[in-house]
Structure formats: C-alpha cells, structure tokens
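Here's a walk through the model, one spot at a time. Keep the viewer open as you read.

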Amino acid sequence: MNEVRIPLHGSGQALYVAHEKVYPREIDGRFERLRTLSVWVLLGIFYLFPWLEWNGRQAVLFDLPDRKFFIFGLVFWPQDFIFLTWLLIIAALSLFFFTAVGGRLWCGYACPQTVWTETFLWMERRTEGDRAARLKLDRGPWNANKLLRKGTKQILWVSFALWTGFTFVGFFSPIRALAHEALALSLGPWETFWVFFYGFATYGNAGYLREQVCKYMCPYARFQSAMFDKDTLVITYDKERGEPRGARKRGTDARAQGLGDCIDCTWCVQVCPTGIDIRQGLQIECIACAACIDACDEIMDKMGSPRGLIRYTTQHALDHKATHLLRPRVLIYAGLLGALVVGFVVAVSLRSPVSLDVIRDRNSLYRLTDDGNVDNVYTLRILNKTEREQNFRIEASGGSKLTLLPADREYHVPSGDVYSLPLRVRRAAYQPLGAETIQITVRSLDDPAIHVTTRARFLAPAK
Ligand code: SF4
Ligand code: SF4
C-alpha cells in the first residue's frame, strides 16, 4: 500500500503511518491445531450447507423474494421476525459471556475475518513459500519464478473468492439452479453483482487488508476492553519470569547470568498475524490467536525451560492473587443466556404452523334476526406457515351452542398464503345469555396436529 503523507503545519511530521506488510511465520502447536479445526468446521458449514437437501428443497435457504427462511425442518415467515431478533440477542450475549470469561476467543478462532485470512495465508504459503521465502520474493526483482508463484497465488485467491461469493448468493437463491445458470453463463444481473461483490470483499479483506480490518475497522476491538476485568483470560507474556531478556546457550543457567527465560528470539513476533510484540503488554491489535503461545512453547521446549512464558492467564494470576471464574457479571451473562436459549428452543418447538387473526366487524355490535337468533360477524385471517397447501375447517365454541355461517365449509390455503374470509357466528334464540368469550378454531383436515385457536368476544343483548 502506498504511503500518503500529510505534513503537519510547520512540523514536517506525517499524520499517516505507512502500512508495513506482515509476513507471519508458520507455526505448529496445540492452539494452531485448534484454530485449524475451527477453520475446517466453519468453512465446512459455509460451503456445504447450501448444497444439503431437506424434504425435497434446499435445507438452508433465505428466500427473500418469497419472504421465507428455510432452516432444515423449520420455515420462518415475516411474522416470525421475533425469532431472528431473539437469535441476534443470543449472539450478542454469547459474545459478552465468552469475552468476559475467555477474552477475544471469537476473534482468534471464529471470526470470518480470521477464518478466511487463515485460508488465504495457507494458499500464499503453498505458492510463495515460508516467511523467509516470501520476504525474499517480495524484495527481489520480477522474474519468471516470481511471476509464476504470484500468478498461481492470484489464480487460487480469485477462484476461492469467487466460489465464496457464489456460495454466499447460494444461501439466498437456490444454489443448484444458480450453478446451472453460472455454468451456462446466464446468471441474472443481481446475482452476478452479488457474486462479484462478495467475492471481491473476500479477496480484498482476506488477501490484502487482513490485520488492518481488525486494527482499524472492527468496532468489537474498540469496546472489548469494557467487557474485560482482572479475572478475564488473556494471552500474556510473563514479564516477571521472562525479563531481563537476552540470548544464552542452551542448557546454561539463565539466572546465574542475571537473565530471565526470554531468549529474545522474536519468534513470538514473527508468528503474530497482526505484527505486534506481545512482550509489550496487552494491546488492542492482539486478536488472541495464541500463535505466540505455540511459538514460545516450542522455544521453551528447545531451551529445556518450562512452557508458559506466554500463556493464557489473568491479571489477578499475574499479580499472585486468586482468579474468580464465577463472578457477578459472568453469572448474570450466563443466567440471561441460559434463559434466552431455553426460551428460544421452547418457543420454536411450540410455534404453531398456522396463525389466525380474528377481527370483529366494526360496523355492528351484533344483529338480531327475525326469529330471535343473535349473529356476530368477524373477519378471519388464516396464515398457512407449512410447506404444503392445507384444507382447513373452522369451529366455534363457547358457553352457548354456536353455529357457523356458512357451515361445514372447507378453505383451501396454499403454502405461505394469507386467506381472509368473513365469518358469521350464530347463537340460537333459545339461549338467553349475555355477551361471552368464545373460541374460534382453525383445524387442518390434512394433518389433525395442525390447528390453532383464538378467543373472540361474542356480543349479545343482556339476558
Ligand atoms: S518466543 Fe518466547 S523466548 Fe522468544 S522472544 Fe518471544 S517470549 Fe522471548
Ligand atoms: S500477540 Fe499473540 S495472540 Fe495476539 S495476535 Fe499476536 S500472535 Fe496472536
């Protein structure tokens, strides 16, 4: 990226710091393996889910034109918007809870920026080599080798980015039809736009911007400190044990030389994807990926020193005080989260596949017929939220004997349709009751388990 210099008036200082490309060294270790596993699982979900079938349709599909979301056996309609809101609240609370307990776990292991950057970095390493080779290649002149390696990397990056854009669109438009259209080069203009837009965003963010997204664009990095306390797990360099740092021969007694355990090899800096030095303390740029822990553990093993010079720990532990996992904010987050998750599961499982609105006719309270019957008129709105057409029958019940006009009629409601109908409920003349609350039930003739009951007010003259 080119440096843009804006001189301060009279001082000659730049306001803008030039970006220095970070060349993270590859590392193996327990946390790296955990991160790789997380990348596989999350990318697997993203790239495979739109291809799964469920009941003869795409298992996960957010069908915006028809305003319905399919998630395996569940279908959500605009009326179910509350569940989406509920899910977002659960996601936000989960972030608060896990951050309060384990720091930036989300950033290090699950954030899409981390996951796709890891994947793009993997392709870069396979084509351009390790950290030293990549540095040499970038500093060297353009030649056939550089052209071949950079060209291969770009082909892989662009293909993967376009596949990502295509998959993203496949969550909103049936992916098999989309694949046929893409192969026939007949994608619609909007689909083409979103495939390229999302592909380009992936290419730019994971290929070039990388740690700059975390450092300068992500709002979470800014407010995370509000969720930290001295009992939160953070990745920290143990200054007390490591300092004074300095090189020494393997097997020699560092203490006798007046040194700490840090041999100043800078491996922890070289593996860092954001290019910071964890030995300078907790920094906003640290995404808690734990690569520096793996690097330092490897060095400690080689030097015959105990692991954990850089480790997950808490400020209280570093201050030789007790760490409290169960503290008020964690308990409050956990309690709220548990209640919301249980409530969500119960609400989704009890969700009725048909909904019914009963609206009274505002023009008349009730009508007395010539032979003394009392009629109330309502408008019914039936929404069929199932995936099939349903034939419904309507029933009314209350403290008196009620009949419906028209009686015994069936109503055919296609999947996803709202059916409006006028309904007259009649109470016979020989029942001298006043007003009462009645139940109106809509029952499917195709599946007796599908029914819904709503209460309505039946008005009549006082007895
Ligand atoms: S990897 Fe460990 S030993 Fe090497 S510089 Fe970092 S903290 Fe010191
Ligand atoms: S300091 Fe360590 S944990 Fe933080 S981003 Fe760098 S390598 Fe990852």
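Ligand 1 takes up the space of the second largest cavity, a cavity being a set of points on a 1 Å grid over the protein atoms alone where a 1.4 Å probe fits but cannot get out. This is a predicted model, where local features need pLDDT of at least 70, side-chain atom pairs count only at pLDDT 80 or more, and totals for chains, interfaces and linings use all residues. Residues are numbered from 1 along each chain as its sequence is written, ligands are numbered from 1 in the order in which they are written, and side-chain values use heavy atoms, with hydrogens and water left out.

Around ligand 1 you'll find, among others, Y237, D264, R279 and M300, where "around" means having a heavy atom within 4 Å. Sorted by class, that shell has 9 nonpolar, 1 polar and 2 charged residues.

Now hop over to ligand 2, whose space is the largest cavity. Its surroundings come to 13 residues, with C272, C286, C289, A290 and C292 the closest. The shell of ligand 2 has 12 nonpolar residues, 1 polar one and no charged ones.

Next, look at helix 6, which covers residues 144–170 and includes T164. T164 has a relative accessible area of 0%, so it counts as buried (under 20%, with a 1.4 Å probe and protein chains only). What does its side chain pair up with? The T164 side chain makes a polar contact of 2.6 Å with that of Y47.

How values were computed. 1 Å grid on protein atoms, 1.4 Å probe; cavity = no way out; pocket = protein on both sides within 12 Å on 5 of 7 lines; lining within 4 Å. Sits in = over half its atoms within 2 Å of the grid points. Nonpolar A, V, L, I, M, F, W, Y, C, P; charged D, E, K, R; others polar. Helix = DSSP H or I, 4+ residues; strand = E, 2+ residues; numbered from the N terminus. Buried < 20%, exposed > 50% of the residue type's maximum accessible area, 1.4 Å probe, protein only. Polar contact = N/O pair within 3.5 Å; in protein donor to acceptor, adjacent residues only side chain to side chain.
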